[in-house]
Amino acid sequence: MMLSFPKMAKDNIDLAIETINKISDNQKFDPLRSEINRNVINAIGAIANCYARMDFSLLLEDDDKYMRAFAYLNNQIKHDTTLEIIYFDVSGSIYPFRYPMRFGKPGIFWSDFKDNGRTNARGKRIHYDEILKNKDVEVTLIQAKDIISNYFGDD
């Protein structure tokens with residue numbers, strides 16, 4: 001049986017989140033870096049594939065912008081396989097101090113990188129900057145999963 005695009009997207013999102021949640025302290029990121037990158041990139045591709053199959057006119061404006069941010073990110077990855085799309089933020093105090101200071105477990109966030117986007121693409125840098133840049137990867141993946149579930153239903 002072939003998986004549907006929404007099911008593949010949700011499964012890839014779950015796997016990416018599961019991998020991110022393996023980071024329990026500041027020392028756990030480096031050993032998991034390639035696994036996290038691989039699973040997050042797979043989730044991005046699956047989200048973009050779902051978005052390409054949606055009737056854009058049926059999406060709420062905020063949901064459409066959210067999905068456009070992932071479509072933009074997917075295109076950036078396709079055109080630059082060395083792109084650093086995420087960064088790791090340690091918890092506890094660091095010098096020089098960065099605000100807001102993070103307490104609890106460390107986190108993974110969307111990076112700022114050079115824009116290689118096309119002006120005629122549906123997903124643009126403005127969407128990425130507004131929706132994803134410097135935001136928590138896990139939180140934004142959960143939101144994308146919710147949008148997919150709301151549009152396609154739960155399967």
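A salt bridge here is a side-chain nitrogen of Lys or Arg within 4 Å of a carboxyl oxygen of Asp or Glu. The model is predicted: local features need pLDDT of at least 70 and side-chain atom pairs count only at pLDDT 80 or more, while totals for chains, interfaces and linings use all residues. Residues are numbered from 1 along each chain as its sequence is written, and side-chain values use heavy atoms, with hydrogens and water left out.

**View 1. Overall layout of the protein.**
Five helices and two strands make up the protein. Both are DSSP runs: helices are H or I with at least four residues, strands are E with at least two, and numbering starts at the N terminus. The order from the N terminus is α-α-α-β-β-α-α. The protein has 155 residues, and 42% of them count as buried. Buried means under 20% relative accessible area, exposed means over 50%, and partly exposed is in between (1.4 Å probe, protein chains only). Among contacts with a separation of 6 or more, 70% come from residues 24 or more positions apart. A contact means heavy atoms within 4.5 Å.

**View 2. Asp-64 and its two arginine partners.**
The structure holds 10 salt bridges. Asp-64 pairs with Arg-68, the closest N and O atoms being 2.9 Å apart. Both residues sit in helix α3 (residues 61-79), four residues apart, so about one helical turn separates them. An α-helix has 3.6 residues a turn, so residues three or four places apart point the same way. Arg-68 is buried at 19% relative accessible area. Asp-64 is buried too, at 9%. Asp-64 also forms a salt bridge with Arg-122, with 3.2 Å between the closest N and O atoms. This second pair links distant parts of the chain: Asp-64 lies in helix α3, Arg-122 in the loop between β2 (107-110) and α4 (125-131), 58 residues apart. Arg-122 is partly exposed, at 31% relative accessibility.

Asp-112 and Lys-133 meet through their side chains in a salt bridge (4.0 Å, N to O). The two residues are 21 apart and link distant parts of the chain: Asp-112 is in the loop between β2 and α4, Lys-133 in the loop between α4 and α5 (137-152). Lys-133 is partly exposed, with a relative accessible area of 22%. A network of salt bridges links Asp-112, Arg-125, Asp-129 and Lys-133.

Helix α1 (residues 5-20) has 16 residues. From first C-alpha to last, α1 reaches 22 Å, close to the 22 Å expected at 1.5 Å a residue. The expected span is 1.5 Å times one less than the number of residues. Buried residues of α1 include Pro-6, Lys-10, Ile-13, Ile-17 and Ile-20. The buried residues of α1 pack against α2 (29-52), β2 and α5.

**View 3. The largest nonpolar core.**
This core has 41 residues, and Val-40, Trp-110 and Leu-141 have the most contacts inside it. The elements giving two or more residues to the core are α1, α2, α3, β1 (86-89), β2, α4 and α5. Helix α2 gives the most, with 10 residues. A nonpolar core is a set of buried Ala, Val, Leu, Ile, Met, Phe, Trp, Tyr and Cys residues joined through side-chain atoms within 4.5 Å.

**View 4. Helix α5, from start to end.**
Asp-136 marks the start of α5: a side-chain oxygen of Asp-136 reaches to within 2.9 Å of the backbone nitrogen of Glu-138. Helix α5 has 16 residues and reaches 22 Å from its first C-alpha to its last, close to the expected 22 Å. Its buried residues are Val-137, Thr-140, Leu-141, Ala-144, Ile-147, Ile-148 and Ser-149. Their cover includes α1, α2, α3, β1, β2 and α4. Gly-153 follows α5 and has a positive phi, near 85°.

**View 5. Leu-58 and Tyr-151.**
Leu-58 lies in the loop between α2 and α3. This leucine is exposed, with a relative accessible area of 60%. The C-alpha atoms of Leu-58 and Tyr-151 are separated by 8.5 Å, although the two residues are 93 apart along the chain.

Key:
A polar contact is a pair of N or O atoms within 3.5 Å; within protein, one must be able to donate a hydrogen and the other to accept it, and residues adjacent in sequence count only if both atoms are side-chain atoms.
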